[in-house]
Amino acid sequence: MSTTSQQRLSPAAVCLLFGMIFVAAAITHLAATDIGDSLRSLWTVTPGKVNSLTLHYSWWPRLSMALLAGGGLALAGVLMQQVLRNPLAAPTTLGVASGANLALMLATLMAPGLLMLGREWVALAGGGGAMALVMALVWQRGLAPVVVVLAGLVVNLYAGALGMALLLFHQEALKGLLIWGAGSLAQNGWSDVVFLAPRVLLGALAAWLLLRPLSVLELDDASARSLGVSLKHLRLAGLGLAVFITGCVVSVVGVVGFIGLAAPNIVRLAGARRLGARLAWSTLLGALMLATADLLLQHSSGALPTLIPTGATTAALGAPLLLWLIPRLRLGGRQPTASRLDVKRHPRPTRLALGLAMLLSVAVILAVTLGQTADGWFASLAGDVLQWRVPRLIAAAASGVMLAIAGTLIQRITANPMASPEILGISGGSAIALIAAIYLLPAPGNLTLVGIGTLGALTTLAILVLLNHRSGFVPERLLLTGVAITGGVDAVRSIVLAGGDPRGQQIIAWLSGSTYYVDLPSAVIVGVLAVALGLAARPFTRWLDILPLGAATATALGVSVDRARLSLLLLVALLTASATLIVGPLSFVGLLAPHMARLAGFSRARDHLLGAALIGALLMVLADWLGRQLLFPQEIPAGLMASLLGGAYFLWGLRRL
């Protein structure tokens with residue numbers, strides 16, 4: 001046995017460690033009262049003692065809820081990972097939790113009567129719909145891990161974009177859901193515990209009954225079929241049970257991030273290989289992790305300026321934990337090669353680019369001249385109309401160009417057509433830095449925000465390179481890194497919005513990618529920046545043609561791979577930060593534009609950059625115009641509109657990736 005194996009903690013030791021921290025945190029929290037009275041308050045209230053009342057109706061129910069929710073999410077994570085044979089599968093990474101949350105938001109706004117019939121069924125419908133969409137996208141690809149995670153991440157982002165749109169137009173009606181939706185464990189009685197406990201226990205019993213059939217999934221499909229097992233029905237049963245447990249938890253406490261991903265992987269890394277052991281230890285560890293995080297949060301709540309939801313806290317803590325886990329996970333991916341970027345080359349790319357430029361010109365004319373008023377549609381070139389539309393048009397087009405070029409660069413650096421600033425978390429890292437600047441700095445200027453956003457993007461890129469350079473940028477590891485960073489961004493956003501700070505409304509508007517407040521001087525600066533950075537990418541076209549061939553080939557052709565990657569990643573950071581400042585981190589343009597350009601036939605790097613830039617500008621111009629017209633007089637921000645359109649297109653075309 002190796003030294004590493006001898007020194008590795010067993011699942012029991014890991015749970016014992018978390019259990020000791022949990023007990024210490026609980027005793028510290030109860031130290032203000034007599035331990036005996038505190039324990040008696042679990043089942044009865046001592047007359048005349050306010051503290052006993054608080055413990056009985058708030059503290060003990062909250063602790064019970066944390067144990068139930070954490071255990072349920074970890075159990076669901078194990079089931080998903082077993083059925084899909086994918087260590088990256090979890091309620092959050094597959095969009096189940098965000099789908100359930102979106103369904104509850106829709107029901108709250110449009111059909112509150114459904115909540116009276118059973119909120120868990122509403123959440124189950126939303127989570128099941130998200131899971132069904134993911135399965136429909138990847139089933140014909142043999143449930144390949146990288147495709148499953150990509151589909152789940154896109155569904156997750158798409159559900160988040162829809163939720164952001166609902167929040168933008170119904171802020172007052174959904175204000176009470178902000179804290180709950182971020183994963184709030186606060187309780188004022190035992191009713192929620194009584195609701196959730198039998199459902200989680202029923203799910204655990206069903207998982208135990210399915211233990212032997214699900215264990216067959218550890219074999220390959222041919223071996224499983226030889227044993228007479230119906231893989232289709234077995235997978236549906238396992239995924240259905242996981243979605244049911246997740247829906248029940250989300251319907252009570254909202255979205256709690258990373259427990260369903262972290263607990264099963266920690267147990268697996270600790271040595272639990274058999275399904276029964278992983279189910280038992282993961283459920284226990286998930287319960288202890290969430291309860292411990294909640295106790296520590298309660299203990300420090302007096303020193304915090306605002307209320308922080310526990311679900312957002314676990315996501316913020318889970319992101320670094322997941323980044324630590326990435327190099328230790330055994331993934332079945334292979335290193336990307338040049339063939340991953342091979343497409344049918346268009347015989348005349350210049351003519352194709354001219355056609356796109358003409359189409360962009362038509363879109364610009366349409367966006368500038370055509371619009372709606374209270375009296376209906378009209379076409380006008382009046383000065384007062386142009387002074388509002390032209391700056392927005394320039395900003396939208398420029399941000400589309402920058403995101404498209406950034407996406408093209410990152411796809412060619414990694415030889416991975418699924419890479420983009422949004423998917424890999426680069427936009428998210430820039431967003432976290434920008435949110436911190438808005439909250440911590442007094443009236444930061446645009447130049448300051450661009451610098452801080454660039455620093456955030458560079459930090460994210462450094463994490464990506466650090467965790468993936470030894471593996472040769474294997475797609476699974478790159479995507480998982482992006483999942484972790486995106487989860488951290490969602491956690492920060494949830495904490496910010498749940499705090500009730502007036503600046504949160506500014507954050508909502510910015511995250512949704514609104515160009516409404518862009519004036520002409522700012523638009524000109526953004527436009528000049530897009531042109532300058534676009535021209536700065538042209539000298540790197542030789543590197544971009546060679547790098548996808550692999551490090552060995554590139555070195556043999558005289559390219560300094562490390563210097564080339566560092567220079568290109570710096571340019572990606574500048575492009576991403578500048579665009580994110582305008583349209584927020586939700587847009588799919590950085591993923592879609594390079595992909596659409598490749599499908600159109602732009603294969604050489606120079607042509608690929610030009611085609612992607614034109615398509616990116618076209619997407620954002622159309623998104624800005626459609627966002628102004630579809631719900632007139634209300635407006636869908638350009639970045640949010642681009643994410644809705646782009647996400648729909650990408651989901652439709654995902655099978656061909």
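This report describes the salt bridges and a nonpolar surface patch of a predicted model.

**Salt bridges**

A search of the whole structure finds five salt bridges.

| Pair | Closest N and O atoms |
|---|---|
| D294 and R62 | 2.7 Å |
| R412 and D545 | 3.9 Å |
| D545 and R604 | 3.5 Å |

D294 forms a salt bridge with R62. Because D294 belongs to helix α15 (residues 275-300) and R62 to helix α4 (residues 50-84), this pair ties together parts that are 232 residues apart in sequence. D294 and R62 are both buried.

D545 takes part in a salt bridge with R412 and in another with R604. R412, by contrast, counts as buried at 7% relative accessibility. With R412 in helix α18 (residues 383-414) and D545 in helix α24 (residues 541-546), their pair ties together parts that are 133 residues apart in sequence.

Elsewhere, a network of salt bridges links R392, D624 and R628.

**Nonpolar surface patch**

On the surface, L17, I21 and L296 form a nonpolar patch whose accessible area is about 250 Å² together. Of these residues, L17 is found in helix α2 (residues 11-30). Its relative accessibility of 43% is why L17 counts as partly exposed.

Methods:
Residues are numbered from 1 along each chain as its sequence is written. This is a predicted model: local features need pLDDT of at least 70, side-chain atom pairs count only at pLDDT 80 or more; totals for chains, interfaces and linings use all residues. Side-chain values use heavy atoms; hydrogens and water are left out. Patches are made of residues with over 30% relative accessible area and no salt bridge: like charges are joined within 9 Å, nonpolar side chains (Val, Leu, Ile, Met, Phe, Trp, Tyr) within 5 Å. Accessible areas come from the Shrake-Rupley method with a 1.4 Å probe; for residues, only the protein chains shown count as cover. A salt bridge is a side-chain nitrogen of Lys or Arg within 4 Å of a carboxyl oxygen of Asp or Glu. Helices (H or I, at least four residues) and strands (E, at least two) are DSSP runs, numbered from the N terminus. Buried means under 20% relative accessible area, exposed over 50%, partly exposed in between (1.4 Å probe, protein chains only).
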